[in-house]
Amino acid sequence: MKPAPLVGRNGSETQTIVHIGNASVGGQDLFIVGGPCAVENAAQLAAIADHLGPSPSQPGQIQALRGGIYKPRTSPYDFQGVGSPGLDIIKRISQQSGLPFVTEVMAVAQIEALVDHADVLQVGSRNMQNFDLLRALGQVNRPVLLKRGLAATIEELIMAAEYIASHGNSNVILCERGIRSFDGYTRNVLDLGAVVALKQLTHLPVIVDPSHAAGRRELVASLSRAAIAAGADGLIIECHPSPDEAISDAQQTISLDAVAALVESLGPIAEAVGRRLATAKSAPAQRQLVAV
Ligand code: PEP
Ligand code: MN
């Protein structure tokens, strides 16, 4: 392994806890993110926040919303995301619901606006080694969710995180989202060995994306449970009020009720591995984006 003085564990027991709005990732509480592959409109996000977000009396099943407004699509003819008009949508829903928002940054030029509108900037699998982007995100006052490249080694993922940290931002969350293999039945192969290894090799939080790993909605709940059993700090799950109507990644998108049932099923597993479901109730309405 190449040296990783900043993100590597290097013999220390310390664990980085990244604070995101009312929630945190890397501590005892699991951090569950839910939302559509692509942001479609405000009503779609509001329905998810209402169904799964915390209320003053209930903790809720998710601690953050996700959804891309800039989408990396294989075909240039597929929906590319709502683009910049989505910035105000995600900020408004986030403020109304009290749920922080995780969204993908595809280019350096998008960073400035995203910092004003979102809580966590996601680097997608296809950009994991976009070193200009990583360097620029090192100078940003927002946590970065760094997804593993679809053919990236564990060492390459750690070095990508080291790029961000070495440019000044140590709030990096790693995400295992499956790696490409020969079998097309699942979209990717969920590498749970990597989750265990990353927890041993770095002090950064590690979450799992069972949706892009599986590519099939009927696998998402079991892979989520396996991820938490393996020691993941959280999950990022694609869900939609009407999964079959999702504009992108419908086949791996689960319903809001399915998310609620799946999160409930994580309780005993979390307890068995010394973790717990997050218990925070909703933040006051009209939450402001807080710099980390
Ligand atoms: C996504 O999270 O919507 C996404 C495009 O994921 P990945 O970069 O892991 O393919
Ligand atoms: Mn997707």
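Predicted model: local features only at pLDDT ≥ 70, side-chain atom pairs only at ≥ 80, totals over all residues.
View 1. Strand E8 covers residues 172-176, and five of the five are buried, so the strand is largely enclosed by the rest of the structure. In a regular strand the side chains alternate between the two faces of the sheet. Along E8, Val172, Leu174 and Glu176 point one way. Ile173 and Cys175 point the other way, and all of these residues are buried.

View 2. E8 pairs with strand E7 (residues 144-147) in the parallel sense, over four bridges. Within this pairing, Val144 is found opposite Val172 of E8. E8 also pairs with strand E9 (residues 206-208), again in the parallel sense, here over three bridges. The bridge partner of Glu176 in E9 is Val208. Helix H5 (residues 154-166) forms a right-handed β-α-β unit together with E7 and E8. Helix H6 (residues 192-201) is the helix asked about above: with E8 and E9 it makes a right-handed β-α-β unit.

**View 3. The manganese site.** Four residues supply the protein donors of the manganese ion (ligand 2): Cys37 through SG, His212 through NE2, Glu238 through OE and Asp249 through OD. The spacing of the donor residues in sequence is C-x174-H-x25-E-x10-D. Glu238 belongs to strand E10 (residues 234-238), whereas Asp249 lies in the loop between E10 and helix H9 (256-272), 11 residues apart. Both Glu238 and Asp249 are buried.

**View 4. Salt bridge between Lys147 and Asp209.** The closest N and O atoms of Lys147 and Asp209 are 2.6 Å apart, and the two residues form a salt bridge. Because Lys147 lies in strand E7 and Asp209 in the loop between E9 and helix H7 (210-214), the pair ties together parts that are 62 residues apart in sequence. Are the two partners buried or exposed? Lys147 is buried, as is Asp209.

**View 5. Salt bridge between Asp29 and Arg276.** The side chains of Asp29 and Arg276 meet in a salt bridge, with an N to O distance of 2.5 Å. Asp29 sits in the loop between strand E2 (23-25) and strand E3 (31-35), and Arg276 in the segment after H9, so this contact ties together parts that are 247 residues apart in sequence. Asp29 has a relative accessibility of 17% and therefore counts as buried, the limit being under 20%. Arg276, with a relative accessible area of 40%, is partly exposed.

**View 6. Other salt bridges.** The model contains 12 salt bridges by the rule applied. One of them joins Glu218 and Arg216, whose closest N and O atoms are 2.8 Å apart. Glu218 is partly exposed at a relative accessible area of 49%, and Arg216 is partly exposed at 24%. Which residues are linked with Glu176 in a network of salt bridges? Arg148 and Asp191 are linked with Glu176 in this network. Glu176 is also among the buried residues of E8, and Val208 in E9 is its bridge partner.

How values were computed: Residues numbered from 1 in each chain as written. Chains lettered and ligands numbered in written order. Heavy atoms only, no water. Donors = N, O, S within 2.8 Å, 3.2 Å for Na, K, Ca; no water. Helix = DSSP H or I, 4+ residues; strand = E, 2+ residues; numbered from the N terminus. Buried < 20%, exposed > 50% of the residue type's maximum accessible area, 1.4 Å probe, protein only. Pairing = 2+ DSSP bridges. Right-handed = clockwise from strand over helix to strand, strands pointing away. Salt bridge = Lys/Arg side-chain N within 4 Å of Asp/Glu carboxyl O.
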